Amino acid sequence: MAFVKRNWSIHDFEIGKPLGKGKFGRVYLAREAKSKYIVALKVIFKEQIEKYRLQHQLKREMAIQTSLRHPHVLRLYGWFHDEDRIFFILEYAHGGELYGELRRSGCFSEKQAATYIASLTHALAYCHENHVIHRDIKPENLLLDHEGRLKIADFGWSVQSKNKRHTMCGTLDYLAPEMVENKAHDYAVDNWTLGVLCYEFLYGVPPFEADSQADTFRRIMKVDLTFPSKPHVSDDAKVLITQLLVKDSAKRLSLDKILKHPWIIMNADPNGT
Ligand SMILES: Clc1cnc2c(Nc3ccc(N4CCOCC4)cc3)nc(-c3cccnc3)cn12
């Protein structure tokens, strides 16, 4: 699919059902009129961008996502704008939100969890090689394609979805200690988040979940990690999670070491489905 045409307009697309909505706008299913190619069209209102002075961040996110090409990173094919809206032409993820899968099944098998973690690790290694720190990896930014393969979406423009926990918006659950302390952070924040996601994929809840943000903050800062006794979670999985949820960011397991970890080797499906 080559969206070689540059000057797109809303008239090039037939708009379908809304897929999700958020603070900045909405995501719609859409079809390019001539090629009949299915895409996701994300609409952001300019006044929202101006109000929050996010023009620069938006330009940076757009430059990043158009330049990234990876099987586990959702494609941004192009963008256009009209009087008061900006439109992003995005790859449509036919499988919907990974978060929806997690809520429906409660938790994933070790094979499924390890496959998703391996896909995420490959995608993050690629992003880090391209000097991109995602910083916002959480289940609702993860989508699935028609074969159930994971796609990282929303570089900085997360949209709220229907099937989301109320605490999800503005949740601290996925943030590393240096992020919640608002300290200087580096690529290793994404390694921490991989540990949080691996835990949540296997247990169905994030490791530091608490009734209040203050309590979650305290649990993250203490790295208050406990493993419920669940039969289907192997010790290797707990070892990997423990090697990622390390307060000192320099001591977290590196992305290449994650891919060589026994639990990943034993359980991840090589072609990421
Ligand atoms: Cl960007 C982008 C590309 N593709 C998607 C997508 N795809 C998608 C596919 C299928 C189903 N359904 C499959 C049948 O059961 C009902 C859900 C939902 C979303 N969703 C979102 C989105 C965004 C916010 C909230 N919720 C979903 C953003 N997307």
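The structure is a predicted model, in which local features need pLDDT of at least 70 and side-chain atom pairs count only at pLDDT 80 or more, while totals for chains, interfaces and linings use all residues. Residues are numbered from 1 along each chain as its sequence is written, and side-chain values use heavy atoms, with hydrogens and water left out.

Helices here are DSSP runs (H or I, at least four residues), numbered from the N terminus. The end C-alpha atoms of α6 are 23 Å apart, which agrees with the 22 Å that its 16 residues should span at 1.5 Å a residue; the expected span is 1.5 Å times one less than the number of residues. Because 16 of the 16 residues of α6 are buried, this helix is largely enclosed by the rest of the structure. Buried means under 20% relative accessible area, exposed means over 50%, and partly exposed lies in between, with a 1.4 Å probe and protein chains only. After α6 comes G204, with a positive phi near 85°.

One partner of α6 (residues 188-203) is α4 (residues 110-129): their axes come within 10 Å and cross at roughly 165°. That makes α4 roughly antiparallel to α6, a term for angles over 145 degrees. Axes are lines fitted to C-alpha atoms, for helices over the stretch in contact, and angles run from 0 to 180 degrees between N-to-C directions. The crossing of α4 past α6 is right-handed, that is, the near helix is turned clockwise from the far one by less than a right angle. On the α4 side, the contact (heavy atoms within 4.5 Å) involves E110, A113, Y116, I117, L120, T121, L124 and H128, which meet D190, N191, L194, L197, C198, F201 and L202 in α6. By class, these residues divide into 10 nonpolar, 3 polar and 2 charged. Nonpolar covers Ala, Val, Leu, Ile, Met, Phe, Trp, Tyr, Cys and Pro, charged covers Asp, Glu, Lys and Arg, and polar covers the others, Gly among them.

Helix α4 itself has 20 residues and reaches 28 Å from its first C-alpha to its last, close to the expected 28 Å. Just after α4, H131 takes a positive phi of about 55°. Within the helix, L120 counts as buried because its relative accessibility is 0%. Leaving aside residues up to four places away in sequence, L120 touches I137, L142, L150, I152, L194 and L197. The C-alpha atoms of L120 and I152 are separated by 7.6 Å, although the two residues are 32 apart along the chain.

The axes of α6 and α8 (residues 235-244) come within 8 Å and cross at roughly 150°. The two helices are therefore roughly antiparallel to each other, and α6 passes α8 in a left-handed crossing, with the near helix turned anticlockwise. From α6, N191, W192, L194, G195, C198, Y199, L202 and Y203 take part, and from α8, A237, K238, I241 and L244. This contact has 9 nonpolar, 2 polar and 1 charged residues.

Two loop residues complete the description. R53, in the loop between α1 (46-51) and α2 (55-67), has a positive phi of about 50° although it is not a glycine. Its relative accessibility is 68%, so R53 counts as exposed. V223 lies in the loop between α7 (213-222) and α8, and its phi is also positive, near 50°.

Conventions
Angles under 35 degrees count as roughly parallel, over 145 as roughly antiparallel, 65 to 115 as roughly perpendicular and the rest as oblique.
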